[in-house]
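I opened my notebook beside the viewer and jotted down what I looked up. Here are the entries, in the order I made them.

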Amino acid sequence: MKLDIKGVQNSYPVFIERGLMDTLSDFFDTPSTYILLTDDGIPSIYVEKVKAFLNPKKVITVKQGEVSKSMATYESVLLSMQRLNIQRSAHLVALGGGVVSDLGGFVAATYKRGIPFTIIPTTLLSMVDASVGGKVAINTQYAKNSVGTFYTPKQVIIDPNTLDTLDKRQMHSGMSEVIKSALIGDASLFEALKKPFNHLDIVSIIRQSLEVKQAFVEGDLKDQGKRQTLNYGHTIGHAVEKESDFALLHGECVAIGMKLMAKNKPFYNDLTAILKRYDLDLSIPKTMNVSNLTDHIKEDKKVFNNVYHIIDVEKVGNGFIKVTEEEEIKRIIKGDC
Ligand SMILES: NC(=O)c1ccc[n+]([C@@H]2O[C@H](COP(=O)([O-])OP(=O)(O)OC[C@H]3O[C@@H](n4cnc5c(N)ncnc54)[C@H](O)[C@@H]3O)[C@@H](O)[C@H]2O)c1
């Protein structure tokens with residue numbers, strides 16, 4: 001199955017099907033110089049498959065984890081491409097989770113002012129979120145994703161079979177973004193999520209989540225308004241993530257944020273039952289306090305001139321942007337601290 005997604009530079013196809021890793025030559029029919037970017041946590045079986053199909057000129061393997069979305073790694077990837085005199089016609093293939101696609105996309109966007117790139121996402125979070133939407137970035141010591149741009153891939157190739165090797169905690173972190181997509185944009189997906197995981201069709205789950213993302217992204221390609229709805233649970237989630245020094249996974253923090261936002265809403269019990277299924281029925285760790293968390297929230301891109309924009313849901317499937325103030329955010333957090 002295929003979705004065509006509008007991007008800042010071009011529209012691009014997102015292919016979703018089990019087994020695509022075994023038919024990669026269908027997607028790379030033009031001979032090119034390929035650079036394969038991956039990380040050292042990606043099982044070698046996938047790396048070998050891509051190598052066998054593409055015969056890349058260079059395989060660049062960065063360290064797994066957020067640490068690789070850094071200036072230092074970005075520079076080392078660029079330099080290793082320059083050492084080989086890689087031309088503008090070369091094609092970068094990013095194989096891995098959101099770290100590899102964010103870093104790889106930013107390298108592709110900036111190397112010789114832009115070279116084509118393909119994303120082959122291998123985590124659920126990257127399949128339902130990071131690989132689509134065109135945001136590419138690295139972090140600095142001061143802020144996450146603070147150096148980046150919008151750069152659209154040529155294609156995204158999703159083979160859900162690669163999830164077989166993903167550990168449970170990472171898988172659950174990805175499910176948190178699926179649950180978020182359901183809450184803000186797809187009531188039928190929320191209904192489906194009430195069933196146990198082994199009754200769900202993962203291809204449909206990925207497609208439905210991406211369709212929600214597509215609707216918000218295409219209406220606001222450069223993230224100036226409506227697209228921020230995708231940040232449901234993220235305002236508080238990002239603050240918890242930062243305060244935990246990234247010990248908690250992104251999806252776990254988003255789950256905390258969603259649960260707090262959903263308190264007293266008619267769907268709260270259904271939501272917590274779904275979160276429980278994925279070990280995501282979590283609370284703000286007791287070691288954290290309201291004032292540190294609100295300090296982090298002040299750095300959120302949705303806070304301008306002391307006016308807070310937070311994403312809310314009253315009815316499942318209808319996320320919206322709400323203007324609020326610091327006291328309200330504190331009140332929501334205190335519900336849990
Ligand atoms: N650009 C966007 O729109 C966007 C959206 C959401 C998140 N992100 C970014 O994505 C990043 C997080 O991505 P992530 O959750 O995919 O984490 P990740 O890329 O760090 O991958 C998680 C871990 O899983 C391992 N792994 C990946 N695929 C595997 C597989 N199939 N089997 C076994 N292990 C595998 C990796 O080596 C890594 O250790 C963050 O940096 C976040 O900022 C970007």
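**Ligand site.** I started with Thr-122, where a polar side-chain atom lies 2.7 Å from a nitrogen atom of the ligand. I count a polar contact when two N or O atoms are within 3.5 Å; within protein, one must be able to donate a hydrogen and the other to accept it, and residues adjacent in sequence count only if both atoms are side-chain atoms. Next I checked Thr-123: an N or O atom in its side chain is 2.6 Å from an oxygen atom of the ligand. For Asp-39 I found a polar side-chain atom 2.7 Å from a ligand oxygen atom. How much of the ligand's accessible area does the protein cover? I read 88% of the 870 Å² that the ligand has on its own. These areas come from the Shrake-Rupley method with a 1.4 Å probe, and for residues only the protein chains shown count as cover.

I then listed the 25 residues around the ligand, and Asp-39, Gln-64, Glu-66, Thr-122 and Thr-123 come nearest. To be near, a residue needs a heavy atom within 4 Å of the molecule or strand. Helix H3 (98-110) and helix H4 (124-130) each supply at least two residues of this shell.

**Ground rules.** I kept in mind that this is a predicted model, where local features need pLDDT of at least 70 and side-chain atom pairs count only at pLDDT 80 or more, while totals for chains, interfaces and linings use all residues. Residues are numbered from 1 along each chain as its sequence is written, and side-chain values use heavy atoms, with hydrogens and water left out.

**Whole chain.** I noted 12 helices and 12 strands; helices (H or I, at least four residues) and strands (E, at least two) are DSSP runs numbered from the N terminus. The radius of gyration is 20 Å, which agrees with the value near 20 Å for a compact globule of 337 residues. That radius is taken over C-alpha atoms, and the globule rule is 2.2 Å times the number of residues to the power 0.38. The C-alpha trace spans about 55 × 45 × 35 Å along its principal axes. I also saw that 57% of the 337 residues count as buried, where buried means under 20% relative accessible area, exposed over 50%, and partly exposed in between (1.4 Å probe, protein chains only).

**Helix H5.** I looked at residues 168-185, which make up the 18 residues of H5. From first C-alpha to last, H5 reaches 26 Å, close to the 26 Å expected at 1.5 Å a residue; the expected span is 1.5 Å times one less than the number of residues. Because 14 of its 18 residues are buried, H5 is largely enclosed by the rest of the structure. At its start, a side-chain oxygen of Asp-167 comes to within 3.1 Å of the backbone nitrogen of Arg-169.

**Loops.** Between H10 (268-277) and H11 (290-298) I found Ile-284. Is Ile-284 buried or exposed? Its relative accessible area is 2%, so Ile-284 is buried. Asp-279 lies in the loop between H10 and H11 too, and at 47% relative accessibility Asp-279 counts as partly exposed. Its phi is near 55°, a positive value in a residue other than glycine. I reminded myself that most residues other than glycine have a negative phi. Phe-246 also has a positive phi, about 65°, and is found in the loop between H8 (234-243) and H9 (250-262).
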